[in-house]
Amino acid sequence: MSLDHIVSVTIGGLTVGMIYALIALGYTMVYGVLKFINFAHGEVFTIGGYVAAFTLLTLGVNDGMSAIAVAGCLLAAVVASVLVPMAIGFLVERIAYRPLRGRARIIPLLSAIGVSIVMQQSIILVFGSKPVTIPTLALSSASIVVGGIRIRVLALVIIVVSAVLMAGLTYLVKSTRIGKAMRATSQDMEAAEMMGIDTNKTIAFTFIVGSALAGIGGFLVIMYYGSLKFDAGFLYGLKAFTAAVLGGIGNIPGAVVGALVLGMTETYGVSVDLGFLAWFVVAGLVLGLYVQMVRIPRRRLQHIAEDRRTPEYERSLLNVYRLTPYHGVKTLLAERTDALLSVSAEHAVRLMAGNVFLAVVAAVMFVNANVRIDTRWQPVIAFVVLMVILMFRPSGILGEAITEKV
Amino acid sequence: MRLSEVTERVSGAAARVPRSVYAVGGLVIAIIFPLLNMAGWVETAWLRVGVISLLFVMLSLGLNIVMGETGLLNLGYIAFFAFGAYTTALLSSPKFELRWPFLVVVVLSALIAMVAGFVIGLPTLRLRGDYLAIVTLAFGEIVRLTITNLQDFTNGPNGITGIYSPRLVGEGALESLGSTGPAAWLVIDKPVEYYYLVLACVAVTAVLISNLKNSRIGRAWNALREDELAAVSAGITASRAKLLSVVLSAGIAGFAGSLFAYYSNVISPESFLFMQSVIVVCMVVLGGMGSIPGVILGAIVLQALPQVIRQAAGAARSEFEVYRMLIFGIIIVVMVIFRPEGLLPDTLWRREAHEVDPREQEKTRQSLFDLEEGEKDLEV
Amino acid sequence: MGTILELQGVSMSFGGLKAVDSLSFDVRENEIVSIIGPNGSGKTTTFNVISGLYEPDSGDILLKGESVAGLRPDQVHDKGISRTFQSLRLFSNMSVLDNVLVGMHSVTDAGLIASMLRLPKVRREEAAMRVKAREILEMFPGRFSGPRQQQPAFSLSYANRRRLEIARALASEPALLLLDEPVAGMNPMESREVMEQIKVLRDKGYTILMIEHDMHVVEGVSDRVIAMDHGVKIAEGTYTEVANDPQVVEAYLGKRAAEATA
């Protein structure tokens, strides 16, 4: 495993991660405000890419043009790929989501699925079902060499542009009037309304900003890869949603963290040997053992009532976690006499099962140290991450910014 | 709201006819339909449309258990269909040179789909509705991609070909009867035979599910959907009841998948795209979540009607497919906004759909309350 | 009279806040015990711990000598504790009768296959359930008669919805009935009626633990009263004893007032 390889894989991971982040922000903002998964968001991204490509093709951009003309074409493409998605985001919210506000969770989700299909089929009707391709420009294939490592300029552009946009978004949400309205609406829509906030306008604004970011994402992807398929939004959208959940949905920094983690996982997953990947599992195992042996027992000790706080009782509680195979299982199987001990035993056994599973996975990976996961499994990685995160920690890495109300 | 008035009146009139009349009428039409083909009035192609429509009826009935009764959205439902289809294809095709008996294969296909439902349901059913929908979607995609990638086992994107026709009796018995007369009926290989086989399965499934709907278990599902906290406090084991509904619906999909594999002879991952799951969801939404006649109608309308229109318009297949999906998308949006209870609504969902605005609802309650207080005075 | 419910040093905290702090008390057979206390004193949390919605951090809960602490709500219900909620939690779109039938879920046992085939056994069980459910609804004379049983629960008046919730809880013939503010939001006439019905339930042999703010009701039906404040039991005894306890007066009215009455 050479250093060059690791650096270039890391940059690749960062690049796709940043793209995911741009899309994930739209999911997370909408979810934060409305508790609603905007399933059609991935299609907005595709439309952004298609509109950008259409603009470039219409203007007939090519390397024969002067640098200023090329820049002009690109600027036009950016503007188009922002404005069209913004308009669509606004209209869709108005037509398909607003009438359903306040209904059972799955009802607006169904509507969003319908919208996503309508958008996808409309793309086919307007642009055809063949992937759209833009002419190769000097800019898109340009690369620089740093310390013997070749890096595409566009990758750097994507990373920098996304980072700037995210900083801007953070400023918008944290420090502006409309940002404050967004936060208030997400906390309690009714209360925000009573305080004179136009929640409809705020929600529409949220959709518009999210769609604009997705549109830019579409533009960057078409520039980076040169082509885009009508159904690309499905996979990008799902991955971005995974990223949002991974970071903690509703949480803006979380979406970025989640997107980068996902981008890295995906890229590393298929670019390096299992022997190398196994170390990540080992790190997870160390964390899991720390949770089982130190963090959770410490928290449980605080649950002991004053009148029972004897050294023996504390020791038996610790033993349940630290010597789970014996004390934990024994307590679990014994007749329930003490609520705290039996609940803890159940918990400890679950934690132990998780750690054993990680250990087995790591062992299997070390045995097959030289094998590499085939790239055709790459989409599966994201789906597996999504399932695992939803099963074990639905609140994500950084936690949901807005706590769930029952 | 003229339109809604009209639909309300039509559906009101339709509701006054007993449901059994519709059931018997529908069944009679379904039974007579192939006879028209035998008489030479209808092309065999329509019989094929009929078989596929019936398979989708079965899928919709299965999905309706989780969506309509328990209120869980499953966006990867087609994966269970795939489990059934691939189990059948592997056990009854030249791929591994196996030809297990029909009944064994069908039952095993359903069982394997049920196991898959159990495995995916166990860790995910405590998730709230929208997350569950996405997890099931991810599951469906994982299954499809895995099928595509495990080329040694499933032939990847090329699929498995040459699936044998089902035989109702063992090999020896068939040979002793010769190849004509009754023996020909014991091998199902003509569209009309498939049609009646699937029709019988659909009819039985519909009856069994409708019994279940009006039983203690069906009530438990509805209670969980209405208010989970109250349901568990009333003694319903949420995890078990939900798992039961997921496993049962998976079993139905696996069963349908098995019949599909036998019928189509060839299966490939293309048949199990996410879009297929959405189509089944669309059928349930259109017909009416929780309503058995509704989902049957939904499946037939969305599967058979487009074919009729395509024939009439003489459109090319691929282009037609785009319009078909576009219309499906529009149907979902329009239905959930304007008639979320579906074409032939279930009582509970109709009530659910008509108490949208909580303030409005409180007003009705208040007026009923006042009315009741008045009544009490009369009683005294 | 045997002991039905026994709490032994039950504690429950949320973050740093001790909502219930080593609470111990018992409820004996065929007794009506009321828990009173100011808002936020931990009464509903106690109910939630008993009914299994929360796991206690420590301490034990015994139902007829058997521990139910840490069990899931449905398991607690199976053991024989059923409850109502302070904020009504009916299955609003289901019919009145179906609401009661759901309450019988745990005491009936038709399985999946049997229900699908609608075997004679299932039919008999279903018929018996309906008879029983009507009997329970008849305990509230005139309230759920005839066609009203087929109405959706949301169409009932507020008071009737409270009654229906009690009927649903009774459907499983629980060993212990937990009523969380059964007369909240009712007018004096209605609450007097509910009070009478609670007495009827005692005559039928039910054991009841209830939370109530309406002191007329507490005085009228309780055999014993437990007063809580800040998660701690501050007094226990007959209504008169508890009502005159200086600590209770202090909890409700403040220290100065308590000194004045003393």
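## Domains and overall build of chains A, B and C

In this predicted model, the centres of domain 1 of chain A and domain 2 of chain A, taken over C-alpha atoms, lie 41 Å apart. The domain assignment places domain 1 of chain A at residues 3-272 and domain 2 of chain A at residues 276-371.

Chain C is likewise described by domains. Its domain 1 is made of two stretches of sequence, 3-80 and 174-261, while domain 2 of chain C covers 93-165. Where these two domains of chain C meet, 13 residues of domain 1 and ten residues of domain 2 take part in the contact. The secondary structure of chain C consists of eleven helices and ten strands. How compact is chain C beside a globular protein of that length? The radius of gyration of chain C is 19 Å, close to the 18 Å that the globule rule gives for 262 residues, so chain C is as compact as a globular protein of that length. The C-alpha trace of chain C spans about 70 × 40 × 35 Å along its principal axes.

The mean position of its 29 positive charges lies 7 Å from the mean position of its 35 negative charges.

Chain B is built from 18 helices and two strands.

| Property | Chain | Value |
|---|---|---|
| Residues that count as buried | Chain B | 56% of 380 residues |
| Residues that count as buried | Chain C | 58% of 262 residues |
| Accessible surface | Chain B | about 16,400 Å² |
| Accessible surface | Chain C | about 10,400 Å² |

Carbon and sulfur atoms supply 66% of the accessible surface of chain B.

The contacts within each chain can be described by separation along the sequence. Among contacts in chain B between residues at least 6 apart in sequence, 74% join residues at least 24 apart. For chain C, 66% of the contacts between residues at least 6 apart in sequence link residues at least 24 apart.

Notes. Residues numbered from 1 in each chain as written. Chains lettered and ligands numbered in written order. Predicted model: local features only at pLDDT ≥ 70, side-chain atom pairs only at ≥ 80, totals over all residues. Heavy atoms only, no water. Helix = DSSP H or I, 4+ residues; strand = E, 2+ residues; numbered from the N terminus. Rg over C-alpha atoms; globule rule 2.2 N^0.38 Å. Buried < 20%, exposed > 50% of the residue type's maximum accessible area, 1.4 Å probe, protein only. Contact = heavy atoms within 4.5 Å. Areas by Shrake-Rupley, 256 points an atom, 1.4 Å probe, with all protein chains shown as cover. Lys, Arg positive; Asp, Glu negative; His and termini not counted. Charge placed at Lys NZ, Arg CZ, Asp CG, Glu CD. Domains from an automatic or database assignment.
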